[in-house]
Amino acid sequence: MTSATISPPTDAASSRRWWALVTVGLAQLMVVLDATVVNIALPATQADLGFSNGDRQWIITAYSLAFGSLLLLGGRLSDLIGRKRTFLIALVGFAAASALGGAAQSFGALVGARALQGVFGALLAPTALAVLTTTFTAPRERARAFGVFGAVAAAGGAIGLLLGGALTETLSWRWTLYINVVIAAVALVGTLLFVASPARIGPRPRLDVPGTVLVSAALFAIVYGFSNAETDGWGSVRTWGMLTAGVLLLVGFLAWQRRAAHPLLPLGILLHRDRGAAYLAVLIAATGMFGVFLFVTYYLQGTLGYSPIRTGLAFLPMVIALAVAAQLSTNLLVPRLGPKVMVPIGLGLGAIAMVALTRLGLHSTYVSDLLVPLTLLGFGMGTTMPAAMQSATLGIDRQFAGVASALVNTSQQVGGSIGTALLNTLAATTAANYLVAHGPVTDAVAAEAAVQSYATAYWWGAGFFATGAVLAALLFRRRVSPDAVPDTAPAPDLVPAVAH
């Protein structure tokens with residue numbers, strides 16, 4: 001790899017990079033909030049289009065299946081055809097799919113549009129992170145940039161709930177999709193003006209077609225299996241059949257990567273100790289976070305009787321705490337203490353918050369019982385996600401920045417699928433057992449059963465976070481100065497890259 005002296009950036013170049021960060025942040029926000037912004041609008045959507053309760057899940061599942069299964073392909077395509085070009089294609093495609101969904105007049109049209117959103121989202125999300133990784137190479141600037149990006153990635157779900165409630169109540173459920181057109185238009189202009197497009201040096205790598213087919217099929221089966229568990233339960237043959245198929249396909253993919261001439265995912269990326277620990281931390285954080293969004297939303301609307309917009313506003317302190325923690329963590333604490341200290345602290349705070357949430361009852365109030373746990377959870381996730389994301393892409397060969405970034409998004413998506421399916425199943429079992437033990441069923445008994453089921457989910461979420469904290473403390477290596485591993489240098493266990 002040819003080395004070159006890097007001159008200090010001019011003020012104009014520095015300003016251009018920070019505007020590029022705004023552009024990338026908007027794209028990431030659009031992808032992450034789309035996983036939750038539609039949720040609050042589902043009752044209104046169902047009433048308008050007239051589909052059944054059984055079909056309702058496909059509005060969510062169609063997006064998650066396409067998104068989750070194509071992430072690694074999307075990340076690799078950004079490596080192969082250029083990040084700026086891929087970013088532009090993904091923005092236009094995501095906006096078009098959102099417009100189709102907003103204008104849908106039937107259930108089938110809406111599901112198709114959601115699946116198309118997932119396809120372009122799988123192209124957009126890893127490309128956004130790859131652009132960030134290759135744009136910010138100076139350690140201090142990189143820390144600030146990842147603080148912002150990590151905060152957006154972690155808070156996007158809560159922002160989606162807030163935005164979804166506001167749009168549904170003030171305009172229409174259709175605007176939970178149309179809003180993406182507005183965001184994408186701004187990001188498109190920002191991309192054209194501020195995102196650089198360096199010339200490629202050397203030959204263009206080839207796409208690993210067998211590896212792509214194997215991993216896409218594996219991720220599809222895994223995400224589908226967890227989604228099916230949420231609706232049909234863990235006793236379903238389809239659930240276990242898909243999960244088993246997903247694991248076998250994943251094993252086949254890893255075996256193929258060992259001998260492929262142009263591997264989609266060089267195993268050195270996964271086997272690097274700090275990056276592996278970072279991917280695991282993101283997965284565990286997403287498992288707990290998506291569970292919190294789901295069950296706190298149920299609690300606020302079903303138990304406390306909050307409106308959709310009031311429910312969204314209830315998450316605002318968590319979003320603010322998350323943003324503050326992300327900046328403090330990446331700018332002050334991670335450079336001094338490293339992810340080995342900060343990631344376990346963040347997951348530990350998440351575990352404490354989850355335990356506090358188990359105290360919620362039928363007569364709890366927001367200020368006295370819910371505000372502190374949500375704020376604490378925001379601090380925990382704001383400490384965890386930016387540090388983990390930065391570690392997941394630190395020192396990566398530029399040739400594989402896209403696919404390494406896709407692994408971050410894949411960890412987040414699979415973690416969210418696991419959390420939603422597993423915690424929902426555990427909660428449903430608790431509710432059913434409570435109703436059997438406290439019959440006959442009255443409104444009061446049903447309400448208490450729901451609260452008990454949420455508490456079960458929170459206890460399990462606390463367990464996930466605590467386990468993740470221990471694993472992160474054990475797996476992350478002691479702090480290494482970012483200057484010792486420049487972002488432009490190839491990782492020691494990867495083939496030297498062709499920068500582009």
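In the predicted model, Gln117 is placed in helix H5, which covers residues 107-135. The relative accessible area of Gln117 is 0%, so this residue is buried, the cut-off for that class being under 20%. Its surroundings comprise, beyond residues up to four places away in sequence, Asp34, Tyr63, Phe94, Ala97, Ser98, Leu177 and Asn180, each of which Gln117 touches. With one of these residues, Ser98, a polar contact is formed from side chain to side chain, at 2.8 Å.

When neighbours within four places in sequence are left aside, Gln105 is in contact with Leu49 and Arg174. Leu49 is 56 residues away from Gln105 along the chain, yet the C-alpha atoms of the two residues are separated by 6.8 Å. The side chain of Gln105 also places a polar atom 3.1 Å from the backbone oxygen of Ala103.

Elsewhere in the chain, helix H13 (residues 316-337) packs with helix H14 (residues 339-357). The two axes are 7 Å apart and form an angle of about 125°. On the H13 side, the contact involves Ser329, Leu333, Val334 and Leu337, which meet Pro339, Val341 and Met342 of H14. Six of the residues of this contact are nonpolar and one is polar, while no charged residue takes part.

Helix H14 itself consists of 19 residues. From its first C-alpha to its last, H14 reaches 26 Å, close to the 27 Å expected at 1.5 Å a residue. The buried residues of H14 include Pro339 and Met342, both of which also belong to the contact with H13. Further along H14, the buried positions are Val343, Pro344, Gly346, Leu347, Gly350, Ala351, Ala353, Met354 and Leu357.

At the level of the whole protein chain, 17 helices and zero strands are assigned. The chain has 500 residues, of which 55% count as buried. Among contacts with a separation of 6 or more, 85% are accounted for by residues 24 or more positions apart.

Notes. Residues are numbered from 1 along each chain as its sequence is written. This is a predicted model: local features need pLDDT of at least 70, side-chain atom pairs count only at pLDDT 80 or more; totals for chains, interfaces and linings use all residues. Side-chain values use heavy atoms; hydrogens and water are left out. Axes are lines fitted to C-alpha atoms, for helices over the stretch in contact, and angles run from 0 to 180 degrees between N-to-C directions. Helices (H or I, at least four residues) and strands (E, at least two) are DSSP runs, numbered from the N terminus. Contact means heavy atoms within 4.5 Å. Ala, Val, Leu, Ile, Met, Phe, Trp, Tyr, Cys and Pro count as nonpolar, Asp, Glu, Lys and Arg as charged, and the others, Gly among them, as polar. Buried means under 20% relative accessible area, exposed over 50%, partly exposed in between (1.4 Å probe, protein chains only). A polar contact is a pair of N or O atoms within 3.5 Å; within protein, one must be able to donate a hydrogen and the other to accept it, and residues adjacent in sequence count only if both atoms are side-chain atoms. The expected span of a helix is 1.5 Å times one less than its number of residues.
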